Amino acid sequence: MIRLCKYMVLMVACLLMLSPVSADDSVFIGDGDIAGILLYDSQGNKLESSVEVVSNIGEGWIIYTPDTPILIITPKGTINLYEQSILVTGDLLSNSPELYLVKGKATFNTFEDFTGSLSISTPVSLFKLSGEGEMLVITTDDEESVTSFKGKVSAFNAISKAKTTINTFEKLFMHEKMPKTKAIDTGYYLSYATYPDLMMAKQMVSEMAKPVIATIPSAPKSSVVLYRAKEPSFSNVTIMPMEPPTFKASVEPIDLTNPIAPQLISVKTERIIVPPRPQTITSTRIPAPLKRIIITVRPFVPDAVTSLSSKREGEPPAVPSIKLVKVQEEIITVEAEPTPLEIQSETKTVETSDEIQEEPVVVEATSEVAMQSTDAPSLIASKEKPQVILSTQASSTTFFSRIGLNATYSFIYDNSNGNMTNLLTINPYLFFRNLGLSLQGTVSTSDFTSFSSNATASTGTTIEKISYVSNFIDALRIGYSSSNFFLALDKNRYNNADWNTFFTPQFGENTKLGLYNKIEIGSFAVVATFDDMYLENLLENKPQYGSFAFQFAKQEGYQFSMSIGTSAKIQNTPSWAVDLYPQLSFRFPIINTRTIQFNALFQASGYLPIYPTVQGDQFVDSSVSSLFPNYLLSTGFSIKSGSISTRLLASLREGENRNLLANELSYTYDSGFDVLADIGYEHQGFKTRLVWNIPFVNDFQLAKITSTIQTADFSQFTFSYTKDAFTLGLGIEHLGIFDTIISISEQTSDLSDFFGGAYSTSFITFAYEAERYKFSAKAYYPVDGVSRTVPVIAVSARLKLDKQF
């Protein structure tokens with residue numbers, strides 16, 4: 001034990017000595033739904049729409065926003081990319097940034113200290129904005145236009161070669177035969193400007209609307225005098241006849257026998273030595289640039305108030321208001337890895353001209369990028385650490401509010417007891433800026449003669465009363481996940497850090513109302529969670545879990561992260577008890593590039609009962625040789641590369657501590673060494689994940705569940721595939737899966753025991769979702785200890801009505 005601790009300390013010291021990386025520039029998503037966009041790298045490969053991937057955006061990437069807008073913050077300005085738009089990123093850090101808008105519309109804003117020129121290309125146009133300013137570019141099948149909200153914009157038509165200058169509050173339609181700028185109204189400016197200034201808008205409109213009044217001429221004054229013409233008189237006039245003209249010409253002969261000698265011209269020439277034709281051009285390795293790109297992500301919170309039982313609930317609002325302040329948050333560095341260059345080519349002369357340089361670059365967008373749809377995301381993106389917002393001016397941006405109602409009818413049939421349940425669920429919701437609320441009301445009946453509702457007042461225990469009040473809430477959000485203060489009550493899981501081994505990953509559709517609260521100040525954060533405010537497990541005499549932690553994420557130099565806190569287990573059977581599991585976790589990045597993230601992980605946890613009595617000797621006991629009678633020491637790594645993510649941890653354990661303690665399958669076991677593997681794959685609609693914890697006793701035999709002969713290895717497998725509006729999903733959780741397979745093959749167990757029972761649970765779902773409605777069917781074996789030969793069947797239909805304003 002002591003040797004292992006020394007080894008871990010030595011590894012930590014070595015990792016801390018790694019060289020720091022720092023930078024000053026940053027590019028990040030200020031607001032927007034990360035999970036609602038489609039990303040492709042410069043080679044056309046589809047990437048995962050997650051915080052980790054978006055934090056490594058590179059030059060030449062394709063960003064497609066099918067249903068929701070996003071706001072991109074760069075060192076030079078902002079990009080407000082609206083829905084149904086495709087943008088190809090260019091150089092966003094130089095003094096002459098360039099971008100290519102393939103389709104859709106976007107507002108481009110440059111900051112006050114910007115002195116260069118911003119170039120925006122479309123398939124047929126090129127627009128340039130010099131210095132501080134803002135312009136709206138639209139390129140669709142119906143319209144090709146540019147509007148200047150501030151500053152002068154030069155427009156170049158690649159087809160007609162026409163150049164036009166657009167002044168502030170003017171719009172130019174590029175597709176017109178005789179393009180001519182037109183004035184815009186205040187409403188158009190307030191709708192599309194990123195940081196609208198109402199006073200400036202009124203002033204500009206009033207100046208442009210002033211009529212031109214001509215001066216009234218005075219009455220004409222003139223005098224009229226009668227003019228009398230005199231008759232002409234002719235005198236002394238003689239008429240003579242003309243004589244014909246005469247011509248004289250003389251011709252002199254030329255003597256050709258003595259021609260004039262030609263003039264001699266002397267030209268001096270020199271021999272020019274032509275160099276031999278080159279065959280190869282070889283360049284040496286270029287060192288990594290000192291200036292690095294810093295990309296930080298602030299994922300936007302989608303529609304927080306729609307029903308969260310589906311991934312496609314509601315469209316998120318356009319762009320909510322943001323307050324531009326300077327904060328200190330995590331920096332993610334993207335490093336270009338130079339490689340030796342060897343070129344086999346012929347030398348050619350290339351001519352350049354201003355005309356060529358003004359031609360827009362045409363980028364072909366494949367149908368996959370333009371047409372592929374995406375699922376609407378969950379309430380809040382899982383995790384983000386923004387670094388700095390580059391402007392300190394206070395201003396408001398356009399935002400949208402949404403109000404609506406979801407009505408869902410469900411039919412549930414349980415063959416084990418013959419129960420048929422008809423359930424009607426109503427979810428009214430409201431979303432406004434950084435606030436969101438979705439309520440729920442339910443009415444159920446089995447025979448349409450008697451009805452029950454969640455509105456029926458509870459007069460039972462304190463737990464029942466808390467559960468009664470919580471059942472009126474479907475979702476509640478205050479702030480954004482990127483805000484300094486964030487509070488959420490919803491059906492998402494937030495305990496998804498790769499260093500966390502206490503909580504089991506979410507299994508299928510989550511029906512629990514989880515609590516998540518974060519307070520963040522610079523590099524430090526305080527995070528608290530609780531798994532279910534409905535208190536369903538406590539009502540069924542099962543334990544529930546929560547956590548509290550102080551977190552630190554280093555933002556400059558070597559960017560390691562750490563967390564110190566505790567997880568908690570609360571149970572009321574056989575009596576009330578609260579047990580704490582103090583934890584200390586570290587994450588050390590070893591490789592952090594655009595294509596791969598490789599982290600070393602370390603974790604140590606103990607056990608401390610605090611209710612009904614505090615038992616300190618369970619946490620530290622000097623009479624025990626290891627000093628800690630209950631502990632879990634884990635070390636391993638996590639890898640994220642492309643569509644594949646992997647986590648592998650090896651653990652030494654003793655007593656009450658173990659991996660995946662917060663688990664629906666309640667069990668205990670005794671082992672000395674555990675291995676936890678977590679492998680995921682996600683690509684083009686496919687998503688699958690396998691989690692497997694294998695416990696060993698000292699002789700490397702599989703550990704057994706306490707008082708049984710069933711092995712205690714825990715496995716969870718999930719799979720889903722989405723194509724357009726159709727989704728298919730399935731999953732299975734199991735304890736001792738190989739023992740169950742053997743017992744089924746020996747006919748000592750039924751086949752149904754593999755899918756549901758004391759040691760297993762499973763589900764399969766199918767759903768079709770359109771804009772306003774959704775149909776789904778699900779067959780599942782619940783974790784309730786009841787032996788079933790057939791699964792529970794649930795069929796539901798949902799209607800959505802909403803209004804955005």
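This is a predicted model: local features need pLDDT of at least 70, side-chain atom pairs count only at pLDDT 80 or more; totals for chains, interfaces and linings use all residues.
Q: Which residues of helix H9 are buried?
A: H9 runs over residues 737-745, and its buried residues are Ile 737, Thr 740, Ser 743 and Ile 744.

Q: How do you know where the buried residues of H9 fall, seen down the axis?
A: Looking down the axis of H9, you find the buried residues within an arc of 125 degrees, so they line one face of the helix.

Q: What do the buried residues of H9 pack against?
A: They pack against strand S38 (686-696), strand S39 (714-723), strand S40 (726-735) and helix H10 (752-755).

Q: What makes Phe 673 and Phe 696 an aromatic pair, and of which kind?
A: Ring centres have to lie within 6.5 Å, and these two are 6.5 Å apart, centre to centre. Stacked needs planes under 30 degrees apart and edge-to-face needs over 60. With 35 degrees between the planes, the pair is tilted.

Q: Which parts of the chain does this pair link?
A: Distant ones: Phe 673 sits in strand S37 (residues 673-683) and Phe 696 in strand S38, 23 residues apart.

Q: How do you know that Arg 658 lies over the face of Tyr 667?
A: One part of the test is that CZ of Arg is within 6 Å of the ring centre. Arg 658 is at 4.3 Å from the ring centre of Tyr 667, and it lies over the face of that ring.

Q: What about Lys 778 and Tyr 780?
A: For Lys the atom is NZ, with the cut-off again within 6 Å. Lys 778 lies over the face of Tyr 780, at 4.9 Å from the ring centre.

Q: How many residues are in the largest nonpolar core, and which have the most contacts inside it?
A: This core has 32 residues, and Ile 63, Phe 108, Phe 127, Met 135, Val 137 and Val 146 have the most contacts inside it. Strand S8 gives the most to this core, with four residues.

Conventions
Residues are numbered from 1 along each chain as its sequence is written. Side-chain values use heavy atoms; hydrogens and water are left out. Buried means under 20% relative accessible area, exposed over 50%, partly exposed in between (1.4 Å probe, protein chains only). Helices (H or I, at least four residues) and strands (E, at least two) are DSSP runs, numbered from the N terminus. The arc is that of the directions from the helix axis to the C-beta atoms. Contact means heavy atoms within 4.5 Å. A nonpolar core is a set of buried Ala, Val, Leu, Ile, Met, Phe, Trp, Tyr and Cys residues joined through side-chain atoms within 4.5 Å. Rings of Phe, Tyr and Trp (its six-membered ring) pair if their centres lie within 6.5 Å; planes under 30 degrees apart count as stacked, over 60 as edge-to-face and the rest as tilted. A charge sits over a ring if NZ of Lys or CZ of Arg is within 6 Å of the ring centre and within 35 degrees of the ring normal.
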